[in-house]
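Visitor: Could you walk me through this one, feature by feature? I'd like the general idea each time, and then the case at hand.

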Amino acid sequence: MNRTTRNTLRVILLILVASLVIGPLLASFFGGFKSNAELRTNPLWLPGNWDPANYAAILFDGNFWRYLGNSFFISSMTMLLTLVVGAAAAYVFAQIRFFGSKMILSYLLLGLMFPFAAAILPLFIKVRDLGLLDSYWAVVLPQTAFGLSLAILLFKAFFDQLPRELFEAAYVDGCSYLRFFWSFTLPLSTPILATVGVFVFVQSWNNFLLPLVVLNDRSLYTWPLGMMQFQGEYLTQWNMILAFVTLTIAPAVIFFLAAQKYIVAGLTGGSVKG
Amino acid sequence: MTIMTRSAVHKRSTTDRIRKNVVSGRLSAVLILLPPALILFSLFVILPLVDAAYYSGFSWNGYGSPSDFVGTENYRRLLDHSVFHTALWNTAKLILVSLLVQMPLALGLALLVYRRTPTNTLFRLVFFLPYILAEVAAGLIWSFVFDGDYGITAMMFQALGEDSVYVLSDHQWAFPAIMTVIVWKYFGFHMMIYIAALQGVPNDLVEAARLEGARPRQIAWFVQIPMIKHALVVSGFFAIIGSLQIFDIIIPMTNGGPSNSTHTIVTYLYSFGLSRLNIGFGSAAAVVLFVLAIAIAFFYQRNTTREGQA
């Protein structure tokens, strides 16, 4: 086989795999424009008539925006809290040695090995006993707690590489540990903050199990819960369901294409560096 | 002499004061920065795991405090439950498919697109796309694909002149369909790990092998794959731990059906523990999941590090 044939075969193979990957997503996008009757005879290809009625119906329904808003608020809060709390703890481990610091670090890293789901039942009880059921915090606080281990691991590795001389110089000039953290460490760490932030945000945005367990009030539903609710109401009206799914994954896809550099680094970075 | 002593005393007290300031500065930094992480982590991660072990000894519906101590009864019932056996076996199948189908597929594709060219970047993005989608959304899209009346598989069966198969309500096909979706959803993640590793392999090695007359397949097998062993080990670990936790995809696709044949450990724990408020029984399942995860992590690490030394 010469080089050109090999390359042609390679590209054909890649296009084949790519169409298997994209096919269902495109079918979903097209399906949202079709009537249910058309969907029955033509589930895959372009719609005969690009009728935006299904999409419009969902976009004009307040619930859709409420779900997205709830998800956005919960994901943003989770991200902020994980970044602040995680970076603060990692800063202590990177900067200050004290008796027992290594043990405390190992303790906080235990979360890397635990499957989240193993804790879901007692977590439900705990959240209920704290009186947090049906509140944003019921999702934000446990999500933050479960994200901390990876965040601390990545932050500490990054902080360890920051030049030590900088701290010594600042310290001689009377800068305290806390001020140094706020005015030097955090601003110098934007790449890792972005990486971890994106990871935490996407995880929270897509989370299903925890909100399912701790949120009953429909007005607090995140979008995955709202989507399951919607599916329950429309059952076999696949055109509506596909329109809904397409509209909810569209922000994710756009976000991904816009910030792919950070997203790929964020979602695989933990494994490559860890 | 008295003057000298006085100045020495003065000097020491200054260094003492500085040291004291340093220590108190450190102390306050530790006391302000560390507790939030410790409290959150203990309260929402460690304590629930300890609670799970405790609750698993009781028959408890979650209200009041657990009082009906039943010893190991929950574990016995769990291990006798045929649906739990199915759930364990399904979880094992997910691990096998991830390791034996998904990882080789991801590696093959990584070898095809790891070089930095515009077309490769495009393919990489496309392959990674499913990974960023929510599991529930992916599950719903694929429920449509497999739908017996409307779906794409139905269209294919019709084109072949066969009767349509309701894939997701068919005992034989439901779980293979779920496994297909899981490979579709996660192979891009593993591919990205391999690509990052492949780009780190020194180009001289690959060039040298090529000049020696090695064919691409031989270069991949004898040079590149051995060089990225670490990435393979890491991605294998992620594949296993990820398989143990599959939940979101199953719920929209089959919800554990038909007749409980597609449960995994986590959907089992949810359906038979939480939905029916058998907190004690569900906690026993959680403890089994936890022990499995730890055992696998331990076993895996031991074996892969030993292999690395050889």
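Guide: Let's start with annotations: UniProt positions are given in the numbering used here, feature names are shortened, and annotations may be inferred rather than shown by experiment. In this case the unreviewed UniProt entry puts "domain: ABC transmembrane type-1" on residues 88–300 of chain B. For chain A, UniProt lists "domain: ABC transmembrane type-1" (unreviewed entry) at residues 68–259.

Visitor: How are the numbers and letters assigned, and what sort of model is this?

Guide: Residues count from 1 along each chain as its sequence is written, while chains are lettered from A and ligands numbered from 1 in the order in which they are written. The model is predicted, and local features need pLDDT of at least 70, side-chain atom pairs count only at pLDDT 80 or more, and totals for chains, interfaces and linings use all residues.

Visitor: What is the helix and strand content of those annotated spans?

Guide: Helices (H or I, at least four residues) and strands (E, at least two) are DSSP runs, numbered from the N terminus. Residues 88–300 of chain B are 76% helix and 0% strand, with end C-alpha atoms 19 Å apart. Residues 68–259 of chain A come out at 78% helix and 0% strand, and there the end C-alpha atoms lie 20 Å apart.

Visitor: How spread out is chain A next to the globule rule?

Guide: The radius of gyration is taken over C-alpha atoms, and the globule rule is 2.2 Å times the number of residues to the power 0.38. Chain A has 23 Å, well over the 19 Å the rule gives for its 274 residues, so chain A is more spread out than a compact globule. For the 310 residues of chain B a compact globule would be near 19 Å, but chain B has 28 Å. Along the principal axes, the C-alpha atoms of chain B fill a box of roughly 110 × 75 × 35 Å.

Visitor: Which domains does the assignment give for chain B?

Guide: Domain bounds come from an automatic or database domain assignment. Chain B gets domain 1 (1–33) and domain 2 (73–309), and the C-alpha centres of these two domains of chain B lie 59 Å apart.

Visitor: How many residues of chain A are in contact with chain B?

Guide: Two residues are in contact if their C-beta atoms, placed from the backbone, lie within 7 Å. By that test, 71 residues of chain A meet 76 residues of chain B. Helix α1 (residues 3–31) of chain A gives the most to chain A's side, with ten residues. Chain A's side divides into 57 nonpolar, eleven polar and three charged residues.

Visitor: Is B:Thr91 buried or exposed?

Guide: A residue is buried if 20 or more other C-beta atoms lie within 10 Å of its own, exposed if 12 or fewer, and partly exposed in between, with C-beta atoms placed from the backbone. B:Thr91 is buried, because 22 other C-beta atoms lie within 10 Å. B:Thr91 sits in helix α4 (residues 82–113) of chain B. Not counting residues up to four places away in sequence, B:Thr91 touches B:Ser243, B:Leu244, B:Thr264 and B:Ile265. The C-alpha atoms of B:Thr91 and B:Leu244 are separated by 6.2 Å, though the two are 153 residues apart along the chain.

Notes. Ala, Val, Leu, Ile, Met, Phe, Trp, Tyr, Cys and Pro count as nonpolar, Asp, Glu, Lys and Arg as charged, and the others, Gly among them, as polar.
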